[in-house]
Amino acid sequence: MMDFGFKLSKSATIDLDRAGTERYEKLCALSPDARTCMACGSCSATCTAASFSGMSVRKVILGLQRGQDVRPLLSACMLCGKCTLVCPRGINTRRLILNLSKSYD
Ligand code: SF4
Ligand code: SF4
């Protein structure tokens with residue numbers, strides 16, 4: 001095969017019709033305010049754990065909507081509650097994380 005000096009990487013497309021969203025629906029049953037998230041990122045900007053772990057409630061909610069495993073993010077959360085104070089939608093993000101962690105037990 002001819003070497004063109006670059007490689008095509010695997011597509012990162014997510015088929016949302018096939019993504020397993022059971023855990024997201026389970027979370028919404030426990031924390032209905034999760035559905036109001038507009039992915040603004042205010043929680044990410046203030047997260048105490050973000051700079052060393054990449055933790056962000058925004059990423060957690062988006063990941064669940066895409067059927068991804070978000071447990072590595074959850075384990076970094078210190079439950080400090082700063083994200084709850086800044087959420088413009090008034091989502092109780094701290095409770096959301098607690099409910100989600102319990103759903104993995
Ligand atoms: S601050 Fe609230 S609305 Fe904004 S991304 Fe975070 S959880 Fe969603
Ligand atoms: S409660 Fe967790 S997600 Fe929210 S700011 Fe604190 S460490 Fe970050």
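Me: Which helices do the buried residues of H4 pack against?

Reply: This is a predicted model, in which local features need pLDDT of at least 70 and side-chain atom pairs count only at pLDDT 80 or more, while totals for chains, interfaces and linings use all residues. Residues are numbered from 1 along each chain as its sequence is written, and chains are lettered from A and ligands numbered from 1 in the order in which they are written. Helices are DSSP runs (H or I, at least four residues) numbered from the N terminus, and contact requires C-beta atoms, placed from the backbone, within 7 Å. On that basis, the buried residues of H4 pack against H1 (22-30), H2, H5 (71-74), H6 (82-86) and H7 (93-103).

Me: Within what arc do the buried residues of H4 fall?

Reply: A residue is buried if 20 or more other C-beta atoms, placed from the backbone, lie within 10 Å of its own, and in H4 this holds for Val57, Arg58, Val60, Ile61 and Leu64. Seen down the axis of H4, the directions from the axis to their C-beta atoms keep to a limited arc, so these residues line one face of the helix, and that arc is 165°.

Me: Which residues come nearest to ligand 1?

Reply: Helices H2 (42-46) and H4 (57-65) each supply at least two residues of the shell around ligand 1, where a residue belongs if its C-beta atom, placed from the backbone, lies within 6 Å. Of the 14 residues there, the nearest are Cys37, Cys40, Cys43, Arg58 and Cys87.

Me: Which helix gives the most to the shell around ligand 2?

Reply: The 16 residues that surround ligand 2 have Cys47, Cys77, Cys80, Lys82 and Cys83 as the closest. H6 and H7 each supply at least two residues of this shell, and the helix that gives the most, with three residues, is H7.

Note on methods:
A residue is buried if 20 or more other C-beta atoms lie within 10 Å of its own, exposed if 12 or fewer, and partly exposed in between; C-beta atoms are placed from the backbone. Two residues are in contact if their C-beta atoms, placed from the backbone, lie within 7 Å.
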